[in-house]
Every structure is written in structure tokens, then in C-alpha cells.
Amino acid sequence: MTFAIHASGAARVAIDDTVPALVHDLIASRVTGADSALWGPAAESEASIRLGWVEAVSVSRPLVAEIEALRADLRAKGVTRVVLAGMGGSSLAPEVIAQTAGVPLTILDSTAPGQVLAALDEGLESTVLVVSSKSGSTVETDSQRRTFEAAFRDVGIDPVDRIVVVTDPGSPLDGSARDAGYRVFTADPNVGGRYSALTAFGLVPAGLAGADIDELLNEAEASLLEVAIDSADNPALRLAAAIAATTPRRDKLGLITDGTHIKGLPDWIEQLIAESTGKDGTGILPVVLLPVSPELDAKPADLQVVRLVDDANEFHLRERHEGEILVSGSLGAQIIVWEYATAIAGYLLGINPFDQPDVESAKVAARGLLDARPAPTEPSFVENGVEVRVSDPALAVSGTVEGVLDALWARLADDGYVSIQAYVNRLDVPQLQGLRELVAADSGRPTTFGWGPRFLHSTGQYHKGGPAQGVYVQILERTDVDLEIPERPYTFGQLLEAQAAGDAGVLAEHGRPVVSLTITDTSADVLTLFEAAQK
């Protein structure tokens, strides 16, 4: 078996109660047959153009030879470093594939100017840039492409020799890239971004970096029969029931990597599930955990733990992790099973798993701020260099960062969650991610962490469209480092600031409490945040 799942406790009860009906209603074979009516009349139009992923393995086979030939050609010319400019589904899948294969791939899914500069400074002479966007209109990817084009020209390199484009056929980017002479790979347009791991969006950058994408497709192909048949043993049906049909429903999904050879899979699963299910006031919130995270001791009633292990059939793991879902399998099998399970979870939840109706709102708000360029709002107060801004003045009455966080935690309901969103150069402060563990312990509730603006293309949909349970902590940085964007009237720093402010505004409009903390001295102020969370 290419994929194994073992569930106990409430998840096992959900499987036993739910899977027989899924088998009776032929859900697995209907997904495989691209039955767009499965998710109801309101979703049928969108589903009819979003089910191409069920055929991704066969459709993508011809790409393997093309990608390998291009990789060999580039390496013969001394081009060995691959940088990927892409957001959401265009970056998360290649990142997992490359990390698991142990090959270097520089992911540029940020507008933090320091992070963009770092990607430019590591050696353009040996660099190829993969520009990955379904439409080409994604503001982050467009800005990164413009910047690299100018940088290549500045050092005497023709961008045509160093830029590879992945997009949908007939997209604006497809046309402009071909006109410019770039090498273009197109993917099936009937595949949404978060389901695109086994299309050109996942395969081109990972393959150019050196991953064995032929083997990845072989792994995926070996699992196709298992997920397609209407059987009680179908791992996708079992996984879907376990994550979406518990009674009462556990709408937080803790994802733990514990001994598996696959690297970074929870971040990909996070986008797939959050963006697919977080809408219409419902959804499943993935929470990426460590094997020692506070939530595992607190055991909140609304958290279902999924542990990614080497072999889910091992008896000692079953004994040690009672009440959890254990899953194991090859990377290709994991991708197939989680895609099927997420689509079927949408069926169980009664929502359309292929749209993202609330993602655009933050983009519109950011564009409006870039056009208007309003003066920055004054902070409610400043403590030890940390500027504090709040969506509700009542949150700031204490005059301390510690007090503001306490006031924010007080807004948490019994089923609430905390979202930490870091709009910073994560290469400078990777330790900031450790704040998640402290906040989870301090707040007593499941806590997510997202690097901005990356998370806007992932959990950002859930924050606005999912249940109104969250409280939000933005972390920004004030820095002298900035970078112009060619042929644009704003800089990367201004873009990042607008993205943070735009999302905060939309969250506040939805009645979500937001605290924005701007650090002015990275090393000292991060310590202030850690101390405030620990208290």
C-alpha cells in the first residue's frame, strides 16, 4: 500500500459512521470521473473547470523529458541555482518536493525587501528564475519578475536566457512571456492553484532544481487506484471522514511531522485544507505543530491531531498516540490522497472546495492603499521600541504589550484560535516562528503562524471566510532597507506595508480583533515580544 492511515478515538468513529455512506453514494468514483455536480448546484460551474487535477499524473508525463532536458542545458552553461518566484500553490508544492528530495531551491514568496535583495545577491551568474503564476497578475510575482529582469540586464545577462515561465495557456503572462522570448511551460487550466502540485507548477521548479519528478509521478500513479474505487478501504474516504465528520466536529487540525522522510508537508496541507474549506462560516483550520507543542498537552476538545509518520501500521505508534490520526506514505501518494480527501471533506461540509471568495478582499484593500498612499496611523503607544496599533482601542488600555496580548486572549471563545502573522524578512528573524509555541501556551488555544504575505494565499481565506473564532497578531518591522520595483510607483517596502494594513482592515471589517506590533530594532524587539508572550 502506498498510503496508510490509522485512526483511533473520535476519528475512528467518524470513519466507521461516515465511510459506508460515501461508498454507497459512489463519491470516490464520482470525483475520479470529474462529476462537477457532486458539490451541489451553486458549486457546479466552478467545479466543472477545477477537476483537472484528477488526471494530473497522465497529463504531466510529457513534461518530465522537457524539464530534464532544460535542466541539463542550463547546467551545461553553469546555471545551477534555481530561484522560484511564486505564491501559494505555486511555491508550497515545489518547496515540499525539493526539500524532500534534498535539492536546493530558493523560494521567493515574499515582498519583504531584504528577502528579495538576498535572493538577488546570491549569484546571478549561476541563477535561473522560474516565474510561476496562473494569470501573471499576482502582484508579488510580477514585482519579483520585474526586479530580476532589471538585475540580469544590469550584469550583462539577457533575461531570455535566465527566466522560465510557468502559467496557464492563454493567460496574459503566457502571451507577454512568449512575446519576450522566454521559455514557457503551461499547465492544465482546469486545475486550481492549491491542487496543482503534480502539474507544471510543482514539477518545473522542483525538476530544474534536481528532484526526481519522474519518480514522484510514479509514486502518485501507484496510489490512483486506491483513491478511485468505492471501497471502505479507500484511504481518501477514510481521511476525509476522519478530518471532517467527527461528532461534535473538531474543526482544528493539528499537523505534526514525526519521523517521516517527507519535509515540509504540513505547510502544503495547510493551504490545501484552509483555502478549500474555510468559507461560508465553516471550515477546517490546519495548525502546524511540533511534537512538543503546548496543544498536545492541553488537548483542546476541538483539535484533531494528524501525525505524519514513517509507518502508520506500526503497533507501538498506535499505542502511544491514541486518539490521533496516523498517516504514512510516499510523497506522491500523500499529494494524491490529501487532494482527494480535501475535495471529499468539502462534500461532507457542504461547501465548494474549489473557490476562494474572500482572498480577493485583502488584495483590493492593499491596492487601494498603494493608490491612496495614506499617512501611517499613529500607534496607540510604544513600549521598548515596539509600536502598538489595535483594531479596538479597548485592547490598548493597559499601555503594555503584555497587557494588549492578555486583552486579546480575553476575546477568545472556547472554540477560538490565535493567528500570528509576521510581515518581516524571515531570513533575518527565523526565530520569530518560535513565538507560536509561547502564544499557544499563554493563550491556551490552538495557534497558527504565517509569514506575510505568503499566508494571504493560504490561511488568509479561512481568516475571513471561516468561523468567526480568531484573534490576530500582526508583526511588522520598520527598516531602512527597501527596493524599488521597476516601472511601478511603489517599492517592495510600501507593498508589504500595504498588504499588512489592507488585511488588517478587512479583518476588522469582519469583526475580527487585530493587534499590530511593529518592531524597530529586530534583535531587541523580538526579545520584548517573547517576554510579553511568556508573561
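User: About how much space lies in the largest cavity, and what makes it count as a cavity?

Analyst: About 50 Å³ of space lies in the largest cavity, where volume means the space filled by probe spheres set on grid points that are joined across faces, edges and corners. It is called a cavity because, on a 1 Å grid over the protein atoms alone, a 1.4 Å probe fits at its points but cannot get out. By this rule there are three cavities of 30 Å³ or more. The model is a predicted one, in which local features need pLDDT of at least 70 and side-chain atom pairs count only at pLDDT 80 or more, whereas totals for chains, interfaces and linings use all residues. Residues are numbered from 1 along each chain as its sequence is written, and side-chain values use heavy atoms, with hydrogens and water left out.

User: Which residues line the largest cavity, and how do you know their class?

Analyst: The lining, meaning residues with an atom within 4 Å of a cavity point, consists of Leu405, Trp409, Ile420, Leu435, Val439, Val473, Leu517 and Leu529. Ala, Val, Leu, Ile, Met, Phe, Trp, Tyr, Cys and Pro count as nonpolar, Asp, Glu, Lys and Arg as charged, and the others, Gly among them, as polar; the lining accordingly has eight nonpolar, no polar and no charged residues. Helices α17 and α18 (435-443) each supply at least two of the lining residues, a helix here being a DSSP run of H or I with at least four residues and a strand a run of E with at least two, both numbered from the N terminus.

User: What makes α17 and α21 parallel or oblique to each other?

Analyst: The axes of α17 (residues 401-409) and α21 (residues 522-534) come within 9 Å and cross at roughly 50 degrees, the axes being lines fitted to C-alpha atoms over the stretch in contact, with angles from 0 to 180 degrees between N-to-C directions. Angles under 35 degrees count as roughly parallel, over 145 as roughly antiparallel, 65 to 115 as roughly perpendicular and the rest as oblique, and α17 and α21 are therefore oblique to each other. Their contact, which requires heavy atoms within 4.5 Å, brings Val401, Glu402 and Leu405 in α17 against Leu529, Ala532 and Ala533 in α21. These residues divide into five nonpolar, no polar and one charged.

User: How is α7 oriented relative to α20, and why?

Analyst: The axes of α7 (residues 139-154) and α20 (residues 492-509) come within 12 Å and cross at roughly 175 degrees, which makes α7 roughly antiparallel to α20. Val139, Glu140, Ser143, Gln144 and Thr147 in α7 meet Phe492, Leu495 and Gln499 in α20, and the residues of this contact divide into three nonpolar, four polar and one charged.

User: What makes α16 oblique or perpendicular to α20?

Analyst: The axes of α16 (residues 359-372) and α20 come within 7 Å and cross at roughly 125 degrees, an angle that makes α16 oblique to α20. Among the residues in contact are Ala362, Ala365 and Leu369 in α16, and Leu495, Ala498 and Val506 in α20. By class, the contact of α16 with α20 has nine nonpolar, four polar and one charged.

User: Where is Ala34, and what is its phi?

Analyst: Most residues other than glycine have a negative phi, and most peptide bonds are trans. Ala34, which is not a glycine, has a positive phi of about 55 degrees, and Ala34 lies in the loop between α2 (27-32) and α3 (41-47). A cis peptide bond joins Thr247 and Pro248, with omega about -10 degrees, and Pro248 is in the loop between α11 (235-244) and β7 (252-257). Another cis peptide bond joins Gly452 and Pro453, with omega about 0 degrees, and Pro453 is in the loop between β14 (447-451) and α19 (460-465).

Note on methods:
1 Å grid on protein atoms, 1.4 Å probe; cavity = no way out; pocket = protein on both sides within 12 Å on 5 of 7 lines; lining within 4 Å.
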